[in-house]
Amino acid sequence: MDPDTVKVSDDVGQEDVSKTQKRADSATSDLKAAQKSFNAAQEVAIDATAAAQEAAEDARLAADELSAAEDSYEQVYAETEASIEAATGPLGGSAHEEIAAAEQAQGVALTAIDEARVQADAALGQYNEAAADAAAAHDDLEAAAADVTEVDAAHQKAEAKAEATEAAYDEAVANSRVSPVPGYTVTTAHGVSGPMWSTGHHTGVDYASPTGTEVVAAASGTVVEVSSGGAYGNRIVIDHGDGYSTTYNHLSQVDVSMGAQVAAGDHVGAVGSTGNSSGAHLHFEVVTGGDGWSGGSFVDPEAWLAGEIS
């Protein structure tokens, strides 16, 4: 089954990935068990078929022996009748002994026929029983094969569901937006007016937090700038490939390099107070269509993080 054809929830999470993977693992175990049962049934069917073939050969040999006994009787009968006729003919004497010998010979031949018939019947009965066992074994084999087919279909469906769910989760993570300073809230909002900003208003948002506090990528993307000096101090810019870029400013340390690929929540640096800063904080900006200075515009980071701007 193609995972691309499997529908998954739009709000898929890590728990969904775990659940579907557990179901896929369970389906894999079921398939292995079904295949094991099939292999066992196949061995039984092979053995039963071989036993039936052997019984068939024994029955054929017994039938041949019966036929030979009947042929022998006919030959004995013909010879003894001729002997009796010769003994009782015009030139013959007393036929007592000849008749007795002939009857004894015929009796022995008839006994041989009876014994051969008993053996042939027994061999035929054994063959019929072996053939029935072989037929039953083949029925079991067909049932096991059908079970493997059914379980394999369920296994493929579960695997496809797990793969699709994981892909959906990966895509959701790739498209997610997170706070650049986990555990801290905005202390200065976007657009606030004041003479301390060269534009006359705040171009981003500030997260006041101790120096060294972890800073993470707010969304997946590519690091397109790592710089230091100037009003922004130590600075990182990440291009998210959707027309938006985010900037991380006044950092005490930068832990990514130009061209690095990052995902939402990946560590990129630490809060500081470098550049034009009055205290430890992260100045975080969201820019669209450029860098916000030579082109494009600054947008409200809180609205962007909340998905209100896309």
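Reader: Which element gives the most to the lining of the largest pocket?

Author: β9 does, with three residues. Strands here are DSSP E runs of at least two residues, and helices are H or I runs of at least four, numbered from the N terminus. This is a predicted model: local features need pLDDT of at least 70, side-chain atom pairs need 80 or more, and totals for chains, interfaces and linings use all residues. Residues are numbered from 1 along each chain, and side-chain values use heavy atoms, without hydrogens or water.

Reader: How much space lies in that pocket?

Author: About 490 Å³. A pocket is an open set of points on a 1 Å grid over the protein atoms alone, where a 1.4 Å probe fits, with protein on both sides within 12 Å along at least five of seven lines; lining residues have an atom within 4 Å of a point. The volume is the space filled by probe spheres set on the points, which are joined across faces, edges and corners.

Reader: Which residues are closest to its centre?

Author: M196, W197, H250, N276 and H283, out of 23 lining residues. The elements giving two or more residues are β1 (205-208) and β9 (281-288).

Reader: And the lining by class?

Author: Seven nonpolar, 14 polar and two charged. Asp, Glu, Lys and Arg count as charged; Ala, Val, Leu, Ile, Met, Phe, Trp, Tyr, Cys and Pro as nonpolar; the others, Gly among them, as polar.

Reader: New topic. How many aromatic pairs?

Author: Three. Ring centres must lie within 6.5 Å, using the six-membered ring for Trp; planes under 30 degrees apart are stacked, over 60 edge-to-face, the rest tilted. One of them is Y73 with Y77, tilted, at 6.0 Å and 35 degrees. The two sit four residues apart in helix α1 (residues 14-87), so about one helical turn separates them.

Reader: What about Y244 and W304?

Author: Also a tilted pair: 6.5 Å centre to centre, 50 degrees between the planes. Y244 is in strand β5 and W304 in helix α3, 60 residues apart.

Reader: Are those two buried or exposed?

Author: Both Y244 and W304 are buried, meaning under 20% relative accessible area with a 1.4 Å probe, protein chains only; exposed is over 50%, partly exposed in between.
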